[in-house]
Amino acid sequence: MLVPMTKVHVIGHRRQLQATLEALHRSSSIHLIDVTEDASVTLPPLSADDDQLQQIEDLRYLKARIDGLLALSDDLPSPVVPAPELGDLRTEIDEIAPRIEELAYELTRLETELETLPRHVRSLERLVPLLPELTQLEGYDTDAVILDARHAATLGELNVALNELLAGNFEIISGQVDTDTVGAVIVTPKSAKTDIQSLLGRQQVNRVRLPHRYESVPFRDAITMMKRRLTELPIEITSLRERISDEIRRHPGWITASVSLAERLEQLTALRHLGATSHTFVVSGWVPTPQLAKIAGIVADVGTGEVIVETAPISPDERPPVLMSNRSLARPFEPLVSLLSAPQYGSLDPTTLMMIFLPLFFGMMLGDVVYGLLLGGIALYVRRRTRDSSPAVSEFSKVFLLAAIWTVIWGVVFGEVLGDLGHRLFDLEPIWINREEALQPLLIFSIAVGAAHVTLGVALGIWTAGRMRDRKKLGTSIGTLLALVGLMSIVGVAVDRLPDGLMTPAVAVVVVGTVLLIAMEGPIGLLTGPLELMGLTGNVLSYLRIAAIGIASVYLARVANELGSLGPLWLGVIIAGLFHALNLALGVFSPTIQALRLHYVEFFGKFYEGEGVPFEPFGPLQRKE
Amino acid sequence: MEVGLLAVGAGLAIGLAAIATGYAQARIGSAGIGALAEKPELTGRVILLLALPETLVILGFAVAAMIILLLGG
């Protein structure tokens with residue numbers, strides 16, 4: 001259900017502003033409205049003065065600095081220590097941060113070295129076979145270049161240019177280093193170093209540039225040195241990381257400080273939503289009606305009669321925020337509903353319906369006792385493992401737990417245990433139908449489920465339209481319901497499930513429904529009315545996917561069993577196990593997506609009013625999560 | 001021979017519908033991912049749009065089933 005909202009104004013004396021904001025922030029139960037968007041507030045918006053803007057900037061800078069330091073350590077202690085005073089914190093950060101930042105800079109340098117050195121080693125190792133002994137001659141420099149094999153002609157141009165410059169007093173040794181690359185070593189007099197460098201810069205070649213410390217070392221020695229350095233680097237990096245973590249662990253108060261700074265910043269930035277004069281302030285916002293008394297109590301505690309809460313009038317164009325509140329079993333389905341968009345305030349919250357139908361459809365599609373038990377086991381395991389580390393994931397695992405229960409139930413109905421393995425080994429028979437053989441009843445069943453689900457959607461559409469006093473939508477929904485019931489009756493008569501005498505009333509109901517659809521839409525209804533009717537048929541037929549996915553799952557399981565029975569027993573068990581694991585993975589993914597789609601498109605399309613504004617309480621960040 | 005032709009017909013009914021669905025989903029999927037990169041809050045809408053063309057393959061499945069059940073005896 002959607003929690004009813006009340007619009008309130010918290011009005012008080014300016015000297016109580018800070019205390020009121022802190023109390024409201026702690027309570028985390030008011031969704032602030034900007035006073036410029038609230039016609040019932042006559043006070044001008046509170047304009048932040050230069051001091052406040054400066055304070056916000058200072059706090060943001062301090063928080064960014066602390067967060068930057070904390071991010072350097074991946075092993076943070078639990079924040080049990082109170083945060084230091086703001087002044088002390090600033091001094092502490094100014095004193096200690098440069099030291100840690102220096103270490104972090106050194107760490108980045110070492111990590112970069114670890115990343116780039118192997119590249120240099122590779123380049124040099126490719127060039128070394130080209131090196132003659134004369135390369136280390138006194139008074140001569142050695143430059144190494146690498147170029148794409150397609151541009152090997154550049155070497156010829158380089159040769160001509162060097163000849164012009166040095167009159168033959170140089171040497172170029174080149175060769176293929178791999179299929180795509182040509183390497184060359186150029187030996188030139190040291191006296192012509194500047195000219196050579198500018199010449200190489202002009203030519204389209206990649207000079208092999210070594211880190212400074214290896215520049216004056218012969219290539220072969222450089223390779224050895226680099227390889228040795230590569231073994232030393234990981235040790236140095238680990239020890240440096242440990243030093244940084246140690247430094248940060250010595251200041252556990254920073255974690256608390258980061259949280260309290262975030263809260264303080266939230267309170268300061270909330271100021272711009274308020275209205276104020278020189279003596280009074282007003283906070284406008286939405287409060288969940290059940291929490292109204294709590295807010296009144298909190299505000300009463302702030303100042304002795306200097307701050308009050310009053311209920312404010314709601315203008316027709318205002319849209320209250322939406323807060324869903326469902327029983328614990330349905331709660332994990334709330335994010336699935338909101339995934340589309342939050343429901344509009346005052347409309348129907350379909351979470352409970354989704355809790356009923358989504359796992360049911362999932363079970364109808366997968367329908368296998370062992371798959372259901374395995375899925376349930378995995379869901380329980382995930383639930384237990386993530387209970388502390390990630391409560392949202394733990395909560396969401398309930399969706400799959402419910403789906404697993406329905407999978408087992410439908411598995412019993414269809415007599416499926418790892419596909420047809422139960423039938424093969426234990427002669428297990430289905431309670432209702434064998435999905436492999438009874439295609440027709442399965443298809444009819446899927447369509448019947450679709451008709452019932454879509455009819456429920458349309459009926460809810462009528463209820464919602466009536467509640468929101470939307471006459472056009474009400475007429476359209478009634479027309480759709482009549483057309484749907486009529487169409488189903490016609491199909492029933494056609495397949496001899498209903499008496500022939502119903503044909504005429506059924507056709508009449510379809511006609512009345514279509515006329516109502518057309519009438520509600522005006523002239524364009526002549527086009528959209530029949531289209532709506534076709535869409536409705538498509539909606540119901542769409543539920544055939546329940547049968548289609550189910551049959552695909554059965555046949556995949558059968559393939560696994562067939563393949564498993566081909567070889568020796570041990571090999572068969574492994575092969576069948578692998579195929580069943582694959583089928584289970586597909587069998588979890590596909591029915592989830594398809595069941596969601598049936599809800600979003602076929603079911604919600606008939607009644608759901610989305611585009612709601614989610615309720616975002618003004619409060620500490622961690623409590624919002 | 002007749003059974004073979006029916007099987008080919010049923011296969012074509014679902015196969016061609018699947019190709020059409022795949023084509024539509026490829027176009028929607030690439031556009032959807034582009035939209036998600038800009039606005040992650042559109043995830044629900046993108047899934048919905050991506051799932052829409054699947055009706056085609058379901059209708060193909062319905063036709064294939066009808067061919068087998070009604071004509072195949």
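This is a short talk about how two chains meet in one structure, and about a few residues inside them.

Okay, hi everyone. Before anything else, please keep in mind that what you see is a predicted model.

Let's start where chain A and chain B touch. How many residues does each chain bring to the contact? Chain B brings 15 residues, and chain A brings 17 residues. Together they bury about 1500 Å², and 74% of that is on carbon and sulfur atoms. Now, on the chain B side, α2 (43-51) and α3 (54-71) each supply at least two of the touching residues. Which helix gives the most? That's α3(B), with eight residues. If you sort the chain B side by type, you get 10 nonpolar residues, three polar and two charged.

What about salt bridges between the chains? The rule finds two across this interface. One of them joins Glu611(A) and Arg45(B), with N to O at 2.3 Å.

Staying with chain B, have a look at helix α1, which covers residues 2-38. This helix has 37 residues, and from its first C-alpha to its last it reaches 54 Å, close to the 54 Å you'd expect at 1.5 Å a residue. Its buried residues are Leu6(B), Ala10(B), Ala13(B), Ala17(B), Thr21(B), Gly29(B) and Gly32(B). And what do those buried residues pack against? They pack against α2 and α3 of chain B.

You'll find Asn326(A) in the loop between β9 (307-311) and α9 (334-338). Is Asn326(A) buried or exposed? Its relative accessibility is 9%, so Asn326(A) counts as buried; the cut-off for that is under 20%. One is the backbone nitrogen of Met1(A), at 2.8 Å. Another is the side chain of Glu334(A), a polar contact at 2.8 Å. Leaving out residues up to four places away in sequence, Asn326(A) touches several others, including Asp349(A), Thr351(A) and Thr352(A).

Last topic: salt bridges in general. Over all chains, the search finds 28 of them. I'll walk you through a few.

First up, Glu236(A) and Arg229(A), whose side chains meet at 2.9 Å, N to O. Arg229(A) counts as buried because its relative accessibility is 7%, while Glu236(A), at 31%, is partly exposed. These two also belong to a network of salt bridges that links them with Glu106(A), Arg109(A), Glu113(A) and Glu232(A).

Then there's Asp246(A) with Arg249(A), at 2.8 Å, N to O. How are these two placed along the chain? They sit three residues apart in helix α6 (residues 219-249) of chain A, so about one helical turn separates them. Asp246(A) is partly exposed, with a relative accessible area of 33%, and Arg249(A) is partly exposed as well, with 28%.

Finally, Asp420(A) pairs with Arg424(A), and the closest N and O atoms in that salt bridge are 3.1 Å apart. Here Asp420(A) counts as buried, at 12% relative accessibility, whereas Arg424(A) is partly exposed, with 35%.

Technical notes: Residues are numbered from 1 along each chain as its sequence is written. Chains are lettered from A and ligands numbered from 1 in the order in which they are written. This is a predicted model: local features need pLDDT of at least 70, side-chain atom pairs count only at pLDDT 80 or more; totals for chains, interfaces and linings use all residues. Side-chain values use heavy atoms; hydrogens and water are left out. Contact means heavy atoms within 4.5 Å. Buried area is the accessible area (1.4 Å probe) that two parts lose on being put together, summed over both. A salt bridge is a side-chain nitrogen of Lys or Arg within 4 Å of a carboxyl oxygen of Asp or Glu. Helices (H or I, at least four residues) and strands (E, at least two) are DSSP runs, numbered from the N terminus. Ala, Val, Leu, Ile, Met, Phe, Trp, Tyr, Cys and Pro count as nonpolar, Asp, Glu, Lys and Arg as charged, and the others, Gly among them, as polar. The expected span of a helix is 1.5 Å times one less than its number of residues. Buried means under 20% relative accessible area, exposed over 50%, partly exposed in between (1.4 Å probe, protein chains only). A polar contact is a pair of N or O atoms within 3.5 Å; within protein, one must be able to donate a hydrogen and the other to accept it, and residues adjacent in sequence count only if both atoms are side-chain atoms.
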